[in-house]
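I opened the notebook to jot down what I looked up today.

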There are 2 protein chains.
Amino acid sequence: MSNKIFFTPGPAQLFYTFEEHLKKAIFQDIPSISHRSSEFIKVMQGTIEALTDLLELPEGYQVYFLNSANEAWDRIIQNLVSNQSHHFVNGSFSKKFYDFALAHDKQSTATIINDGEAYSSWEIPEGTELIGVTKNETSVGHSFLEKELNQLRISNPDTLIALDIVSAAPSLPIDFNNVDTAYFSVQKAFGLPAGLGVWIANERCHEVANQRASKTSLGSYRTLPNLKKFGDKDQTPETPNMLFIYLLGKIAEDILRAGTKRMRNDTVYKATILNQAIENHPLINHFVESKEHRSKTTIVAKSDHSSRIIENFKKKGLILGSGYGKHKENHIRIANFPTHSKESVEMLCDLLEKVE
Amino acid sequence: MSNKIFFTPGPAQLFYTFEEHLKKAIFQDIPSISHRSSEFIKVMQGTIEALTDLLELPEGYQVYFLNSANEAWDRIIQNLVSNQSHHFVNGSFSKKFYDFALAHDKQSTATIINDGEAYSSWEIPEGTELIGVTKNETSVGHSFLEKELNQLRISNPDTLIALDIVSAAPSLPIDFNNVDTAYFSVQKAFGLPAGLGVWIANERCHEVANQRASKTSLGSYRTLPNLKKFGDKDQTPETPNMLFIYLLGKIAEDILRAGTKRMRNDTVYKATILNQAIENHPLINHFVESKEHRSKTTIVAKSDHSSRIIENFKKKGLILGSGYGKHKENHIRIANFPTHSKESVEMLCDLLEKVE
């Protein structure tokens with residue numbers, strides 16, 4: 001890696017042990033061994049075990065490998081939705097999941113509010129089979145609260161809940177008992193290159209998919225029944241991105257070894273000083289108005305001087321994220337991921353203070 | 001990499017310049033930069049240009065990035081087939097494409113013959129929209145001939161032809177004028193880790209997809225119209241596997257620099273001495289009976305002593321492929337890819353001669 005530090009929310013800074021594991025993976029021929037070999041099955045087992053521990057997945061939650069969160073949207077719609085899903089939309093990524101459902105010709109609905117706003121209406125149309133919720137709306141820095149998720153679950157006990165945990169996992173604690181399926185891509189908080197997605201599904205999802213499979217096509221190689229058939233042998237239907245699966249497992253193990261609680265405490269500390277720096281600064285303001293809904297992993301500020309501030313930091317080798325989509329010119333996004341040391345965030349805050 | 005040499009047909013031996021480019025990619029922060037940045041757009045342009053040159057693609061053939069050949073099967077069916085495709089099947093991979101079409105509820109048909117046999121019947125059912133052909137059936141080492149492909153084209157001028165070029169590209173010359181769409185995964189002859197697929201489509205494919213798009217769902221993010229929309233800006237609909245796209249481009253450039261013709265001549269030379277070694281050996285025989293249909297990149301031999309021979313070579317650090325699927329115990333598969341030096345194949349042949 002260069003001497004730059006990427007505070008962009010994805011693609012993001014590589015995890016600080018990434019290069020070391022990459023070297024070992026190449027030396028061990030991980031990309032050349034057979035994906036059906038006992039050697040690679042051990043890699044699969046290791047990664048799934050580390051993720052299950054790190055995310056504190058309850059019994060019966062399976063971990064599968066896809067290529068991205070985009071693919072997860074596709075697979076969830078194909079496998080779990082016959083007619084209609086309902087989506088909570090307050091940013092570009094929650095909207096994309098809704099758009100995917102419509103692209104698949106579903107009669108889906110959405111609660112669409114302004115970007116970054118907190119939800120106040122929780123009504124779900126009758127007949128909804130699956131509710132799409134975004135834990136951390138990476139585009140604008142809104143966080144869905146655990147108590148909101150819990151309330152959604154209590155009010156809709158028979159509806160599947162799909163949680164987007166991109167840029168949330170593993171930094172934010174999530175009670176998976178409120179969730180039936182979840183997914184993330186690894187180029188955010190896990191500090192890996194893009195090209196691997198993780199899809200988590202519980203037994204209810206498998207039951208729904210199995211029932212639907214007798215009536216309709218769920219797709220081909222990455223249907224839930226097929227993923228489970230291979231997954232039960234710690235394998236995948238096709239040759240997967242073996243190198244990244246290996247690296248994801250090693251990084252998850254590193255985080256576990258250093259302590260999940262510590263990593264989460266650090267996340268809170270770094271978010272706190274970043275929020276403070278934004279509050280104290282005359283030229284920038286928080287974009288998300290509701291304090292408790294502000295993301296701890298993707299800090300989003302609005303400013304008329306965004307481009308200039310980003311450019312200023314770039315000269316110092318600190319790469320901040322610009323706004324997403326229509327907010328490109330007016331937002332600054334700062335990632336707060338496990339790979340960002342407290343020292344690097346403290347430095348960033350100090351420099352921010354000096355920006356005029 | 002270790003000191004082993006992988007002659008397995010995929011996952012395979014990494015390309016000999018792979019590590020050097022990997023180091024440079026990490027140093028240049030390729031996995032951390034934005035996939036919408038001008039820096040990454042240059043990477044995309046470089047890779048597409050190198051592939052276009054290396055594969056000698058005619059005007060109007062677009063190059064898109066997927067995650068695997070499996071995904072290409074999915075996308076071809078979703079985008080280009082309304083009711084029926086027809087598949088030439090003489091091994092596991094050609095069969096899988098057919099299976100994918102059926103999984104998508106298409107009324108597809110197939111010419112199914114024994115594994116590794118040469119085709120003799122070329123009839124295509126009326127109403128066929130797309131013909132699926134496998135240039136190199138990696139599972140059994142059968143090669144579809146250029147003259148057969150040309151004849152298929154002449155007899156079916158109005159039907160799309162999809163060519164599987166997994167483990168064929170870039171080693172075998174292919175006349176893309178006989179092909180409308182083609183695809184490969186990079187963990188075979190290009191010597192990269194698994195996790196990236198390349199999908200090539202000509203204008204006819206785009207026309208068909210555009211026409212179908214007004215009537216039916218082609219999927220979501222990786223429909224041909226959407227890939228083209230982003231592709232026209234040298235971008236992708238989602239964050240792609242940026243690292244592997246970079247590496248693929250660098251390896252393609254290396255092959256071009258050393259000379260495509262030379263690489264292909266070497267492929268023929270290495271295939272010739274491997275075939276000779278099989279012919280001369282009392283314990284092993286060619287699996288594909290028709291000499292001209294024997295693959296030059298995936299040499300497949302049958303033997304009652306396969307496991308013992310593979311084990312024998314393994315002790316010397318030379319990893320040969322076992323048979324695929326039902327042939328697991330009785331076949332030996334030897335990859336002959338651009339990364340395999342003439343010297344390494346000569347050594348392999350010498351050792352084979354000594355195996356009793």
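Here are my entries, beginning with the ground rules.

**Ground rules**

I am working with a predicted model, in which local features need pLDDT of at least 70 and side-chain atom pairs count only at pLDDT 80 or more, while totals for chains, interfaces and linings use all residues. Residues are numbered from 1 along each chain as its sequence is written, and chains are lettered from A and ligands numbered from 1 in the order in which they are written.

**Chain A overall**

I found eleven helices and 14 strands in chain A. Both are DSSP runs numbered from the N terminus, helices being H or I with at least four residues and strands E with at least two.

Along the principal axes, its C-alpha atoms fill a box of roughly 65 × 55 × 30 Å.

For burial I count other C-beta atoms (placed from the backbone) within 10 Å of a residue's own: 20 or more is buried, 12 or fewer is exposed, and in between is partly exposed. By that count, buried residues make up 53% of the 356 residues in chain A.

**The five-stranded sheet**

Next I traced an open sheet in chain A, with strand order 1-13-14-12-11 and mixed pairing. Two strands pair if DSSP finds at least two bridges between them. Strand 1 and strand 11 (285–286) are at the edges with a single partner strand each, so each has one side without a neighbour in the sheet.

Strand 12 (residues 298–302) of chain A runs antiparallel to strand 14 (residues 331–335) of chain A, and five bridges join them. I noted Val300(A) with Arg333(A) as its bridge partner, and Thr298(A) opposite Ala335(A). Strand 11 of chain A also pairs with strand 12 of chain A in the antiparallel sense, over two bridges; there Asn285(A) has Lys302(A) as its bridge partner. Four of the five residues of strand 12 of chain A are buried, so the rest of the structure largely encloses this strand.

**Helix 11**

Which residues of helix 11 of chain A are buried? I get Val345(A), Leu348(A) and Leu352(A). They line one face of the helix, because the buried residues fall within an arc of 55° seen down the axis of helix 11 of chain A; the arc is that of the directions from the helix axis to the C-beta atoms. On the other side, Lys342(A), Glu343(A), Asp350(A), Glu353(A) and Lys354(A) are exposed. The cover over the buried residues includes strand 1 (5–7), helix 9 (260–280) and strand 13 (318–322) of chain A.

**Met1(A) and chain B**

I found Met1(A) in the segment before strand 1 of chain A. Met1(A) counts as partly exposed because it has 16 C-beta neighbours inside 10 Å. Contact here puts the C-beta atoms, placed from the backbone, within 7 Å. Leaving aside neighbours within four places in sequence, Met1(A) is in contact with Leu14(A), Glu19(A), Ile26(B), Phe27(B) and Asp29(B).

The contact between the chains takes 41 residues from chain A and 41 residues from chain B. On the chain B side, helix 1 (18–27), helix 3 (69–80), helix 4 (92–103) and helix 8 (242–258) each supply at least two residues.

Methods: Two residues are in contact if their C-beta atoms, placed from the backbone, lie within 7 Å.
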